[in-house]
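Here are my notes for a first look at this entry. Please keep the structure open while you read.

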Amino acid sequence: MLKELECAAKVVGFKQVRRALADGCARRVYLAKDADPQLTQPLADEAGTRGVETIWAESMRALGRACGIAVGASVCAVI
């Protein structure tokens, strides 16, 4: 599933994902299993409330790589 992030339009980071969910433009949310739950859980709850699919990545490092950034990513969303 992380392969989708290589070519899809996406936003990375808590604030951007939260905004994409609020605007209704997030189609799928990716969350890293090793990220701080205080950060990921509210986004997972919001995605569930809005009917947006949530996918858990194995690590922040793997999610960051899939997003094409040099650092780990805790959250991202396909828009």
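1. Start with helix 4. This is a predicted model.

2. Look just past the end of helix 4. Gly-68 follows the helix, and its phi is positive, near 80°.

3. Now turn to helix 2. Val-17, Ala-20 and Leu-21 are buried there. Viewed down the axis of helix 2, the buried residues fall within an arc of 100°, so they line one face of the helix. An α-helix has 3.6 residues a turn, so residues three or four places apart point the same way.

4. The other side of helix 2 carries exposed residues: Lys-15, Arg-19 and Asp-23. Why does Lys-15 count as exposed? Its relative accessibility is 55%, and the cut-off for exposed is over 50%.

5. Lys-15 and Ala-70 are 55 residues apart along the chain. Their C-alpha atoms are separated by 19 Å.

6. Which elements cover the buried residues of helix 2? Strand 1, strand 2, helix 3 and strand 4 are included in that cover. Just after helix 2 comes Gly-24, with a positive phi of about 80°.

7. Helix 2 covers residues 14-23 and helix 3 covers residues 37-49. Their axes come within 10 Å and cross at roughly 15°. The two helices are therefore roughly parallel to each other. The crossing of helix 2 past helix 3 is left-handed.

8. Finally, check who meets whom. From helix 2, the contact involves Phe-14, Val-17, Arg-18 and Leu-21. From helix 3, it involves Leu-39, Leu-43, Glu-46 and Ala-47. The contact residues divide into 6 nonpolar, no polar and 2 charged. Val-17 and Leu-21 belong to this contact, and both are among the buried residues of helix 2.

Notes: Residues are numbered from 1 along each chain as its sequence is written. This is a predicted model: local features need pLDDT of at least 70, side-chain atom pairs count only at pLDDT 80 or more; totals for chains, interfaces and linings use all residues. Side-chain values use heavy atoms; hydrogens and water are left out. Axes are lines fitted to C-alpha atoms, for helices over the stretch in contact, and angles run from 0 to 180 degrees between N-to-C directions. Helices (H or I, at least four residues) and strands (E, at least two) are DSSP runs, numbered from the N terminus. Angles under 35 degrees count as roughly parallel, over 145 as roughly antiparallel, 65 to 115 as roughly perpendicular and the rest as oblique. A crossing is left-handed if the near helix is turned anticlockwise from the far one by less than a right angle, and right-handed if clockwise. Contact means heavy atoms within 4.5 Å. Ala, Val, Leu, Ile, Met, Phe, Trp, Tyr, Cys and Pro count as nonpolar, Asp, Glu, Lys and Arg as charged, and the others, Gly among them, as polar. Buried means under 20% relative accessible area, exposed over 50%, partly exposed in between (1.4 Å probe, protein chains only). The arc is that of the directions from the helix axis to the C-beta atoms.
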